[in-house]
Amino acid sequence: MPDRDHLMDERYDPKKIEPAWQAEWDRTNLYLTREDPGRPKFYILEMFPYPSGAGLSVGHLHNYVPCDVVGRYKRMAGFNVLHPMGWDAFGLPAENEAVLKGSHPTETVPRYAANFKRQLIISGCAYDWSREINSSSPEYYKWTQWFFLMLHKRGLAYRATGAQWWCDKCGTVLANEQVINGCCWRHTDNPVSKKDLEQWYIKITDYADRLLADLDGIDWPEPIKLMQRNWIGRSEGAELAFPVAGHTGKAVRFFTTRPDTVFGVSFMVLAPEHPLVAEITTPSERAKVENYVADARRQTEIERMSTAKEKSGVFTGAYAHNVFTDKDIPIWIADYVLMGYGTGAIMAAPGEDQRDFEFATKYGLEIPRVTASADGTAPPADRAYSEPGVAINSGFLNGKKTSEAITAVCQYAEQHGIGRATINYRMRDWLISRQRYWGCPIPIVYCKTDGIVPVPEDQLPVMLPPMKDYLPPGTGRSPLANVPDFVNTTCPKCGGPAERETDTLDGFACSSWYFLRFASPHEDERPFDRRSVDYWLPVDLYVGGAEHAVMHLLYARMWTKVMFDEELIGFDEPFPALRNQGVVWATDGQRMSKSKGNVVTPDAMIEKYGADALRLWELFMSPFDEATNWNETGVSGTLRFIQRVWTMMRRYAGAGCPAGNPTDETLKRTHKTIQLVTDHIERLRFNTAIAAMMDHLNHLAKLKPEEMGRFPAESFILLLAPMAPHVTEEIWRALGHTASVHLEPWPTFDPNLVRDEMVTVVVQVNGKVRDRLEVPAGTSEVDVRALALKSGAVKRHLDGKPPTKFIFVKDKMLSIVV
RNA sequence: GCGAGAGUGGCGGAAUGGCAGACGCGCUGGACUUAGGAUCCAGUGCCGCAAGGCGUGGGGGUUCAAGUCCCCCCUCUCGCACCA
């Protein structure tokens, strides 16, 4: 018990009781996770936050408070709850701030993390802080490096050269999915460009099929699953090759989803960046082609991706041989063909593809028609016919339905060495190198004799060296390249001189396995203790913003599948249940940000209203998963609610906490409220859970202490405890309990008592409500009819006409049709 | 352009096809009070004295009954954006 001479002052004063209980919970280790094999486990986790210097806003709490409620509720409901918190601490903002202000990330990051932690504590969130982790600590990133080496060992990490997305504000490369509308995901107003660089990739495409298929078995919001499906972008078709005329051994390889239209292929198109372009372009066309290529490279991605602009392209002078029609067809280049999808080349079937149709029309190319509609109607002349139908003008395919023709072409292609049926994915491999200082060093050494050599496990971690100056060297390499002591090393294989990799890992690497670390955060022999992971994982409820739909959630799923394949863990989906909290916009409807000056902090709200009132408002203001604008005036409503609870309970405690004689109605309402609140919390419907509590309070507050009685009083406090932990603790102790309310079992209801004895049956005449009858529950249709027909209002609306039909819904409604 | 979600009082929002607007904010009136930005009571979708009528973005439909299901349209938010 806290050292206080009395509990429950006359006035509710959150500033007095909240810090006192927070200190008491800390002193008694109330929220330490206890491994207890006798109880079912429940692992609830919020997405790994990046501790920014701006601190938490009331918007962030819209995620943390609901999760805290679920954790507290599950604990009371008998679960062994793991609810940890840690910091995704590597990243650009800290490094940029360091460059700008000369501060050091190793100083700012812990300071900012400590501030986040303080804010979470004053908000009453019950984390097990003994499990706090920090992805930028060597104890953690040692194992991030270990995972990278495991991926490397399994052939899933490789180096490749090519044009990479580059953000000049980040000063680093970006993966495909980190480019949003042609801009960087962290600098959404900064268009990205392309740079030719050699980089590390993770072969996530090897997992494309499983990442797609396993979405079916997990309980995630459908929109998120859809985004992942679209991102993976599986499409079935064929990869075929047509030889280039006059270039023996050279062929244009291409992917198509409509191999059945090969007889209608009248030209081919390569992406401007396609390697074949330089080889096959004829001297007479060279100048035009080089111009076009240079032009395409100069355009921003936004311009190039615009679907609105007219198609353009140039002829290379070269021809490919369509092996189906036995005709030579011109090879063009055009920027509507993307180097990053398929093979960067297409067969153009202008009769069946609208884009090819537009291109052929513009440049006067032939438009054969090789698909007729199945029902015999004539295909439109002014556009492509892209729906399935029946093959025509197509040699051995004539008369075959589109699906049959596809199979036939694939068989033919395979037999004649032209190609084969295949599956293509939109998703590209994950570019994981970053030319930055403040990240996890890639544990690789380059040796003149031995080439690319992984750092042996017993030499991990490759420590990030202390630096004074983080200015990038301007060579496209990371600032680490400026540290000779770091770069120069010896080859682990031959012992000769070697250089370290100076790039660091994308921050998403750190968040691809952190959920495992929480099971055994202090393990130093392995990334995690298998027994603890088997007990706690997978995460039972994962909660975070929808903005991570494709990046973080795809990477974390992939790493989990690799660990499963490596037999490190026994499950292959990390987050069987995912929920997205709604965004809280600022009062002005914009994103809360320091620069806009519209950030509302929990600190200010707690100062004004107390943490419990703030928490209740966070829960009550809108459905958990729906976006809303911050509106402070509502907090006074939840504060008033707490004050009314306070007044009522103080009166009850003052009367000596009588067991009392609650009326049937009070008992019934109590049981109903327990049922409602339990159900609503289970379904994350916190706003309606609180509405049910308010409704119940409106009844209880009218009663004298002995009319209310102990069971209604105590169960009210227990139901409120996860949502308003401080005030309920104060009241609980004032009711005479010595143990914490948060260790009490969750109240249960009697199903027999939640049923109503009297019900209101609505009487409708021709669909309109004309009367309401109070009858005992279960009253038969015959009796309700008799009562209804006696009703004055009903008689008036029947107007003497005989009823033709009755519809009766027991205990609800009688509908009379005349 | 394609895909997904949403549109209900002055505001946030409730409603397994069965009483639209629970609960709260705000507002109005009243009580208590030296005072009220405290507390308590009453009222609060629109029209109407009333009976009643009208109401869930707009238009159609299914049904005894539609905020909820179906079709068309409008607006907003999010995602993808020539994916062959």
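This is a predicted model: local features need pLDDT of at least 70, side-chain atom pairs count only at pLDDT 80 or more; totals for chains, interfaces and linings use all residues.
Pro-461 sits in the loop between strand 23 (451-454) and helix 13 (484-487).

To find Pro-538, look at the loop that runs between helix 16 (530-536) and strand 27 (541-544).

Now to the open sheet built from four strands, whose order is 13-14-12-15 and whose pairing is mixed. Strand 13 (313-322) and strand 15 (345-348) are the edge strands, each with a pairing on one side only. From one strand to the next, the twist averages 25 degrees. Strand 12 (residues 267-270) and strand 15 run antiparallel and are joined by four bridges. If you want a landmark here, Phe-267 stands opposite Ala-348 of strand 15. As you trace a strand, bear in mind that side chains in a regular strand alternate between the two faces of the sheet.

Which helices lie across these strands? Helix 9 (residues 283-298) lies across strand 13 and strand 14 (327-334), at about 110 degrees to strand 13. Helix 11 (residues 354-363) lies across strand 12, strand 13, strand 14 and strand 15, and runs at about 100 degrees to strand 14.

## Thr-343, in a loop of the sheet

The loop between strand 14 and strand 15 holds Thr-343. Is this residue buried or exposed? Thr-343 counts as buried because its relative accessibility is 15%, and the cut-off for buried is under 20%.

Its neighbours are worth a look too. Leaving aside residues up to four places away in sequence, Thr-343 touches Glu-239, Arg-253, Phe-254, Phe-255 and His-274. With Arg-253 there is a polar pair: the backbone oxygen of Arg-253 lies 2.6 Å from a polar atom of the Thr-343 side chain.

## Where helix 2 meets helix 19

Helix 2 (residues 58-76) packs against helix 19 (residues 611-620) at an angle of about 95 degrees, and their axes are 9 Å apart. The two helices are therefore roughly perpendicular, since that term covers angles of 65 to 115 degrees.

On the helix 2 side, the contact is made by Val-58, Leu-61, His-62, Val-65, Pro-66, Asp-68, Val-69 and Arg-72. Helix 19 contributes Leu-614, Arg-615, Glu-618 and Leu-619. By type, the residues of this contact divide into seven nonpolar, one polar and four charged.

Strand 33 (residues 805-809) and strand 34 (residues 813-817) run antiparallel and are joined by five bridges. Lys-805 has Val-817 of strand 34 as its bridge partner. Three residues separate the two strands of this hairpin, and in the turn Asp-811 has a positive phi of about 65 degrees.

Asn-393 is a residue other than glycine with a positive phi, near 50 degrees. You will find Asn-393 in the loop between strand 17 (390-391) and helix 12 (402-415). Asn-393 counts as exposed because its relative accessible area is 56%, and exposed means over 50%.

Glu-567, also not a glycine, has a positive phi near 60 degrees. Its place is the loop between helix 17 (551-565) and strand 28 (578-580). With a relative accessible area of 65%, Glu-567 is exposed.

Note on methods
Residues are numbered from 1 along each chain as its sequence is written. Chains are lettered from A and ligands numbered from 1 in the order in which they are written. Side-chain values use heavy atoms; hydrogens and water are left out. Two strands pair if DSSP finds at least two bridges between them. Axes are lines fitted to C-alpha atoms, for helices over the stretch in contact, and angles run from 0 to 180 degrees between N-to-C directions. Contact means heavy atoms within 4.5 Å. Buried means under 20% relative accessible area, exposed over 50%, partly exposed in between (1.4 Å probe, protein chains only). A polar contact is a pair of N or O atoms within 3.5 Å; within protein, one must be able to donate a hydrogen and the other to accept it, and residues adjacent in sequence count only if both atoms are side-chain atoms. Angles under 35 degrees count as roughly parallel, over 145 as roughly antiparallel, 65 to 115 as roughly perpendicular and the rest as oblique. Ala, Val, Leu, Ile, Met, Phe, Trp, Tyr, Cys and Pro count as nonpolar, Asp, Glu, Lys and Arg as charged, and the others, Gly among them, as polar.
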